Amino acid sequence: MSRSLDLPSYLDQSKGVADRFEKLRNRPVKLKVEDLGKKFNTPKGEILALNKINLQIHRREFITVIGPSGCGKTTLIRILAGLDFPTSGKVLLEGRKMEGPGAERGMVFQDYTLFPWLSVKKNVMFGPEIKGLGTLKAEAEAMEWLEMVGLAKFADAYPGQLSGGMKQRVAIARSLANRPEILFLDEPFGALDAQTRSSMQAYLLKIWQNVDVTVFFVTHDLDEAVYLSDRILVLRANPGEIDELIEVPVPRPRDPGQFLTPEFLATKKRLEELIRPPESAQNEGIPMIRLTELGDEVE
Ligand SMILES: Nc1ncnc2c1ncn2[C@@H]1O[C@H](COP(=O)(O)OP(=O)(O)O)[C@@H](O)[C@H]1O
Ligand SMILES: [Mg+2]
């Protein structure tokens, strides 16, 4: 890493940022995680996927989980969304013990989960119609959400006719049409190219600014985590435990110009320190392969 810049500490917060966190902490607790653990029994033995996770998520917070592959990100988001159960500890939703999924929680996965036989609009109308909203109302609602994700023009198209980024925007619109209080997204942009990914990030920030929703986001992209989040939960693997919970010192509203600000880079550097294995472990067990006889040491 050739960054010789004198970066501030990621712990330094400007007055504006500190005030924002103070306000955030005073908002009602939406989701509380107490001593949560998850064991899997596998043919190879027991896996402690999550261990002693404690966490409070406040209303309208944007919280992101990051960590190496296998550290339990998906397990955690599935449990919080009610799709799986912990083996110890508990999850409280506004103070009540959570049992199973519920309409107040929506989930968006990495692989597109739209109904291919329904038009874009019908996909988004699906939830509101199930809730008993009449067709006309459901349609009006669907169009509003499609407007927000920039896809109103594609209301009558079918998922198969859309690009990956567009499908994922429909998936987000469909989730939001159920009016969830918490939106869970598990590496939603992981399959997209860099350019599409950054426009998706802009859409998500716009949505989060305009909709009263708490966002729980999983990614393994450090820039994405810093750019989007209020706080970043860093997990380590085996067992999956909290390594650090970082308050992102980058002011809001966010814009791509902030990627190179000192506070952005300082936060990213901290994430790199936490997530990257130490230098010695990186090279372990990889022998040098010589393709020439030159014998000079280039590295
Ligand atoms: N259904 C399951 N059965 C057995 N082991 C599982 C199951 N789901 C996840 N695991 C294990 O739990 C650990 C965490 O997995 P996961 O939550 O998918 O990690 P991540 O999303 O961070 O990559 C891994 O070791 C994984 O193999
Ligand atoms: Mg995962």
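This is a predicted model: local features need pLDDT of at least 70, side-chain atom pairs count only at pLDDT 80 or more; totals for chains, interfaces and linings use all residues.
Which residue stands opposite K32 in strand 4? The residue opposite K32 is L92, and this report starts from the sheet in which they sit.

Residues are numbered from 1 along each chain as its sequence is written, and chains are lettered from A and ligands numbered from 1 in the order in which they are written.

Helices (H or I, at least four residues) and strands (E, at least two) are DSSP runs, numbered from the N terminus. Two strands pair if DSSP finds at least two bridges between them.

The open sheet has 4 strands in the order 2-1-4-5, with antiparallel pairing. At its edges are strand 2 and strand 5 (96-97), each of which pairs on one side only.

Strand 1 and strand 2 are antiparallel partners over 10 bridges, and a hairpin of 2 residues joins them. Within this pair, K39 has L48 of strand 2 as its bridge partner. Strand 1 also pairs with strand 4 (residues 88-93), again in the antiparallel sense, over 5 bridges.

## Around ligand 1

Here "around" has a cut-off: a residue is near a molecule if its C-beta atom, placed from the backbone, lies within 6 Å of it. The residues around ligand 1 include F40, T42, I47 and A49, and also G70, C71, G72 and K73.

Strand 1 (29-42), strand 2 (45-58) and helix 2 (73-81) each give the shell at least two residues. Helix 2 has the largest share, with 3 residues. Sorted by class, the shell has 4 nonpolar, 7 polar and 1 charged residues. In this sorting, Ala, Val, Leu, Ile, Met, Phe, Trp, Tyr, Cys and Pro are nonpolar, Asp, Glu, Lys and Arg are charged, and the others, Gly among them, are polar.

## Two domains

An automatic or database domain assignment sets the domain bounds. Domain 1 covers 27-104 + 212-275, and domain 2 covers 105-179. Their C-alpha centres lie 26 Å apart.

Helix 5 (residues 164-177) has 14 residues and spans 20 Å from its first C-alpha to its last, close to the 20 Å expected; the expected span is 1.5 Å times one less than the number of residues. A residue is buried if 20 or more other C-beta atoms lie within 10 Å of its own, exposed if 12 or fewer, and partly exposed in between, with C-beta atoms placed from the backbone. Helix 5 is largely enclosed by the rest of the structure because 12 of its 14 residues are buried. Among the buried ones are M166, V170 and L176. Just after helix 5, R179 takes a positive phi of about 50°.

The buried residues of helix 5 pack against several elements, including strand 6 (105-108) and strand 7 (182-186). Strand 6 and strand 7 run parallel and are joined by 4 bridges, with V108 opposite L185. Strand 6 is covered on both faces: R105 and M107 are buried on one side, G106 and V108 on the other.

## A look at V218

V218 is found in strand 8 (residues 214-218). V218 counts as buried because it has 22 C-beta neighbours inside 10 Å. Leaving aside neighbours within four places in sequence, V218 is in contact (C-beta atoms, placed from the backbone, within 7 Å) with residues including V65, K73 and L185.

Conventions: Two residues are in contact if their C-beta atoms, placed from the backbone, lie within 7 Å.
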